[in-house]
Amino acid sequence: MLSLTCSVYPAYAQYEQPGPTVRDEAKPLRLVIGAVKGLPRPENFVVEDLRSGAMKTPARKQTYRRPAPALFGRAVSGPLARYERVIGDTELNVSPLDLIAERFIERYGDKLKGNRLSVREFSFVIQESIDKPQGLVVIPLDPASIAIAVVTSIAGTAFMQALSPGRSARLQVTFTAELDGKRVTGSDFGSIVAETINDMPAKIVSQALDNAFYHFDNPEPLQRSEEPPSSEDKGTVEAPSETQKPE
């Protein structure tokens, strides 16, 4: 009986993974997207928030889960699971509308007097991929249940617990607005790793707004319309001469 126990233990231990450092879920996430300096707004410059409630409310959903392999079937490759997380206003370090207003003021100054900026989208979406088991995973004897056990062990984990090896995240920032009816839009994305979790989001946000300013200041020229047909191609009928007019 002792020999059986000793032979099984090493096989069990090989599946143990160092557990990630768990973030205290009682403390709200604060994604650092920039800093607000408190610049005075130009006279009658209005920033209107037309974003949908879904863009401002934290949400997280699982978008993919590796299917369990059939008994004695070929293992399924690819990530174990993928998640999509919408970062809400309460999870940002500053008000996104205040940040936008200051960036426009820095860019255009008093030219904004009497203008209205209507913000329709300023979204922060994180795509998270779990490529390797996270934490201690107990592998059942039934091969068909292995993938289920692995995925279940990570299904409840939240972003920012720890971006350990086998875990990655990509932030997408999208900005859409109208400045007195003229469209302003820009976006950017980038990978977030543990070492740059505090400064990388701010860089991505800054680049998204810089892209918006560039396209706003340098609009693409309208495509030249077709040249109007010449008089020979119009097929018009010339007015009859005096000798051709009916009496």
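Colleague: What order do the elements of the chain run in from the N terminus?

Modeller: They run α-β-α-β-β-α-β-α-β-β-α, which comes to 5 helices and 6 strands. Helices here are DSSP runs of H or I with at least four residues, strands are runs of E with at least two, and both are numbered from the N terminus. This is a predicted model, where local features need pLDDT of at least 70, side-chain atom pairs count only at pLDDT 80 or more, and totals for chains, interfaces and linings use all residues. Residues are numbered from 1 along each chain as its sequence is written, and side-chain values use heavy atoms, with hydrogens and water left out.

Colleague: Good to know! Why is the pair Asp89 and Arg51 called a salt bridge?

Modeller: The term asks for a side-chain nitrogen of Lys or Arg within 4 Å of a carboxyl oxygen of Asp or Glu. In this pair the closest N and O atoms are 2.8 Å apart, so the pair meets the 4 Å limit. Asp89 sits in the loop between β3 (81-86) and α3 (96-108), and Arg51 in the loop between β1 (46-49) and α2 (53-56), 38 residues apart.

Colleague: And what makes Arg51 buried or exposed?

Modeller: Buried means under 20% relative accessible area, exposed over 50%, and partly exposed in between, using a 1.4 Å probe and protein chains only. Arg51 has 6% relative accessibility, so Arg51 counts as buried. Asp89 has 24%, so its label is partly exposed.

Colleague: Which residue forms a salt bridge with Glu91?

Modeller: That is Arg85, with the closest N and O atoms 2.5 Å apart. Glu91 and Arg85 are both buried.

Colleague: How do you know that Asp210 and Arg103 form a salt bridge?

Modeller: Their closest N and O atoms are 2.6 Å apart, so the pair falls within the 4 Å cut-off. Asp210 lies in helix α5 (residues 200-217) and Arg103 in helix α3, so the pair ties together parts that are 107 residues apart in sequence. With 17% relative accessibility, Arg103 counts as buried, while Asp210, at 30%, is partly exposed.

Colleague: Which residues are linked with Arg103 and Asp210 in a network of salt bridges?

Modeller: Lys37 and Glu106 are linked with them in that network. A search of the whole structure finds 15 salt bridges.

Colleague: What share of the 247 residues is buried?

Modeller: Buried residues make up 34% of the chain.
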